[in-house]
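Thanks for asking me to look this one over. Here is the structure, and my notes come after it.

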Amino acid sequence: MKLYDIVVVGAGPAGMMASIRAGQLGKKVMLIERNDTLGKKLKITGSSRCNITNTASLDMFMERFGKKGSFFRSAFVAFSNRRLISFFESKGLKFREETNGRVFPVSDRSRSVIKVLKEYLSESNIKINYNTRLKRIKKKEGYFSLDLGNDNYMATKKIILATGGISYSSTGSTGDGFNVAEKLGHKITPLKPGLVPLKTGEEWVKDLQGITLEGVGLTFKHGKKKIVSKNGNIIFTHFGISGPLVLDLSNQIIDFLEKNKKIDLLIDLYPQMKNHEMKNKLINEIENRSKTEFKNFMKLFIPNRMISILIDITGINPKKKVNQITKGERNAILTILKAFPLTITGSLPVEKAMVTCGGISRNEINPQTLESKIVNGLYFAGEIIDFCAPSGGYNLQQAFSTGYLAGESAVKSLE
Ligand SMILES: Cc1cc2nc3c(=O)[nH]c(=O)nc-3n(C[C@H](O)[C@H](O)[C@H](O)COP(=O)(O)OP(=O)(O)OC[C@H]3O[C@@H](n4cnc5c(N)ncnc54)[C@H](O)[C@@H]3O)c2cc1C
């Protein structure tokens, strides 16, 4: 049986970059992928526009990966956001920076990112075996034996596992790498959804499905304790809420939801106005439109489809003229505008999450090389490694940076 120097498992961004770097350093690399194509998940990133990285500083990148985000320091230093951009720009791909430092290709197509990766793979003479699924790894004396099913085996001196997480499993990421690593003695931290829509207890949200609220303030609370509060855009769905702000905050909500069955959400529809300013605006508008019916009056403040919900919650007669609204009713309207209440009862499953949080425990990986501390010669790259970041291009940069470092480290250990 032929003995490879390095086999990389998984042709997502992490595995492709690991192969390219090892190939650039002169090693013969075999990349195996269970699909018949490269980067199936990469293709759907950023709504197929691919938010490839962020212009944030190194410190910010590490902060985005949580308390122990400095684990990724060596990887981000080895292959920074700037290096990533010039890596692609040198093959003619141009980028643009959008809000909050998010970087996208000017082409607005993730396919153009994959095209450049293919060019690099071919230049580095990477051999790719498609439709090949790693089932098991056996550590032998001086090499690894890879079981690829149907009595098909491969032998390699070094192996890089870049099989991703367990979300959007139709892209090929079904958690195989976790099973394989666990059998070799690795600990897998609990796999949880990251960047995931949230479910609400109120069934009527389905009547609001499709309504987008821009620039609103969300405050998640458990009892009197504030969990997190931030402004941004949300969208109502048939089961609850989604949208960029919800996805980003979901990582912080999931842990609370595990311990407490439900938590409260208050939506501030006018976060730019203080309570007394909102009250004055409401009083002024009531004076200006005194004969308008309540149900029509509220169109000034909230989307049409939310009005019947507001009527149900406040109990105000929809046909009441606004100059007959009592002080108590006015306060109830104010509460709705500044603290529209919802109950969060859960999230969609990890399958529907954009990333998997949890994975190979970072305590068992050397951050300088990404080599396993349990099995010499085994490396990890990408989402398979524990912890995830909010949206903004951080997760893809992590995949490219860890892929680069794992590829380089595997080569060095052969010399
Ligand atoms: C809808 C969506 C949008 C996203 N948008 C963004 C974005 O805009 N910006 C951002 O930063 N992040 C985004 N992400 C997250 C990002 O896609 C991931 O963090 C990234 O793809 C992880 O890369 P990876 O190489 O580690 O794993 P993956 O991309 O999951 O690749 C793993 C590969 O391994 C293969 N594989 C698995 N098991 C085996 C096996 N046993 N044998 C052989 N091959 C195997 C799989 O088929 C797959 O090709 C998005 C995710 C989703 C789902």
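This is a predicted model: local features need pLDDT of at least 70, side-chain atom pairs count only at pLDDT 80 or more; totals for chains, interfaces and linings use all residues.

1. The protein has 13 helices and 18 strands, and its C-alpha atoms fill a box of roughly 90 × 45 × 35 Å along the principal axes.

2. Taking contacts between residues at least 6 apart in sequence, 73% join residues at least 24 apart.

3. Do have a look at the open sheet of three strands, ordered E3-E5-E4 with antiparallel pairing. E3 (53–54) and E4 (95–97) are the edge strands, each with a single partner, so one side of each has no neighbour in the sheet.

4. Within that sheet, E3 and E5 (residues 102–105) run antiparallel and are joined by two bridges. If you want a residue pair to find by eye, Thr53 has Val103 in E5 as its bridge partner.

5. Next, the helix pair. The axes of H1 (residues 13–24) and H13 (residues 394–414) come within 7 Å and cross at roughly 35°; the crossing of H1 and H13 is right-handed.

6. Which residues meet where H1 and H13 touch? On the H1 side they include Pro13, Met16, Met17 and Arg21, and on the H13 side Leu396, Phe400, Tyr404, Glu408 and Val411 are among them. Sorted by class, the contact of H1 with H13 has 13 nonpolar, five polar and two charged residues.

Notes:
Residues are numbered from 1 along each chain as its sequence is written. Helices (H or I, at least four residues) and strands (E, at least two) are DSSP runs, numbered from the N terminus. Two residues are in contact if their C-beta atoms, placed from the backbone, lie within 7 Å. Two strands pair if DSSP finds at least two bridges between them. Axes are lines fitted to C-alpha atoms, for helices over the stretch in contact, and angles run from 0 to 180 degrees between N-to-C directions. A crossing is left-handed if the near helix is turned anticlockwise from the far one by less than a right angle, and right-handed if clockwise. Ala, Val, Leu, Ile, Met, Phe, Trp, Tyr, Cys and Pro count as nonpolar, Asp, Glu, Lys and Arg as charged, and the others, Gly among them, as polar.
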